[in-house]
Amino acid sequence: MNFEAQSHEFFIILVKDFYHYFQKPPNLISSISRIFNMSELQYAVIGVGNMGKNHARSLHDMPEARLLAVADANLAVAQAVAGQYGCEAFDDYRKVLALPGLQAVSVCVPTSMHTEVTMECLRQGKHVLLEKPIAPTIEEGRQLQAFAKAQGLQLMVGHIERFNP
C-alpha cells in the first residue's frame, strides 16, 4: 500500500472513531441529543491546503458522513475542492459554521490560527477534529480543551501521521 492510500485509510479510521465517540458518549448533554437519530454526520472542512484536501477526500468517501462544505481563505482553492466533491465552497469559515445541520468540522488551518478558528467552531456548537498541534501554546491548548468540555463538545486532535511507517 502506498503512502497516500495508507494515510487515507488511517484518516477514515480516525474520523470514524471521532464520529462514533461523540455520537454516543456517556452523559451526552441535551444540546446535542439530536445526534442519536442522525443517519449521517453533517461535516465541513475548514482549510483545504494539503491536509485539508485529504480530510475532504476521506469524508467524501465515508458513507457515515456527508461533506456539506469546505472553506479556505483562497476561494479558488475552496471552489476546486468543492467541485471535486460536490459540496459548497466558502472563503470565510464563519459562513460554513452557519450552515443548517452542520454538526462537526475538521480544522486544517495554519497552527497560528488554530485557537481562533477552533474556539469559534466550539462557540457555534460544532464538534471539532483539529489537525496537530492543538494550538501554538500549551496555555491555548488547555483553553481549547476546557472550553470544549464546558460546552459538552468533542475536541479531538488528529495525529494520523503516527500511523505512517
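Two residues are said to be in contact here when heavy atoms of the two lie within 4.5 Å. In this sense T115 touches A135, P136, E140 and L144, where residues up to four places away in sequence are not counted.

The structure is a predicted model, in which local features need pLDDT of at least 70 and side-chain atom pairs count only at pLDDT 80 or more, while totals for chains, interfaces and linings use all residues. Residues are numbered from 1 along each chain as its sequence is written, and side-chain values use heavy atoms, with hydrogens and water left out.

Helices (H or I, at least four residues) and strands (E, at least two) are DSSP runs, numbered from the N terminus. Both H114 and T115 have their place in helix α5, which covers residues 114–123. With the residues up to four places away in sequence again left out, H114 touches V109, M119, L130, E131, K132, P133, I134 and A135.

**Burial and cysteines**

A residue is called buried under 20% relative accessible area, exposed over 50%, and partly exposed in between (1.4 Å probe, protein chains only).

| Residue | Relative accessible area | Class |
|---|---|---|
| H114 | 0% | buried |
| T115 | 14% | buried |
| C108 | 12% | buried |
| C121 | 0% | buried |

A disulfide is a covalent bond between the sulfur atoms of two cysteines. When a disulfide is taken as a pair of cysteine sulfur atoms within 2.5 Å, a search of the whole structure finds 0 of them.

**Strand β4 and its neighbours**

Strand β4 spans residues 104–107, with A104 and S106 pointing one way and V105 and V107 the other way, and all of these are buried. Two strands pair if DSSP finds at least two bridges between them. Strand β1 (residues 41–46) pairs with β4 in the parallel sense over 4 bridges, and V45 has S106 of β4 as its bridge partner. Strand β5 (residues 127–131) is likewise joined to β4 by 4 bridges and runs parallel to it, with L129 of β5 standing opposite S106. The chain crosses from β4 through α5 to β5 in a right-handed β-α-β crossover, a term for a path from the first strand over the helix to the second that runs clockwise when the strands point away from the viewer.
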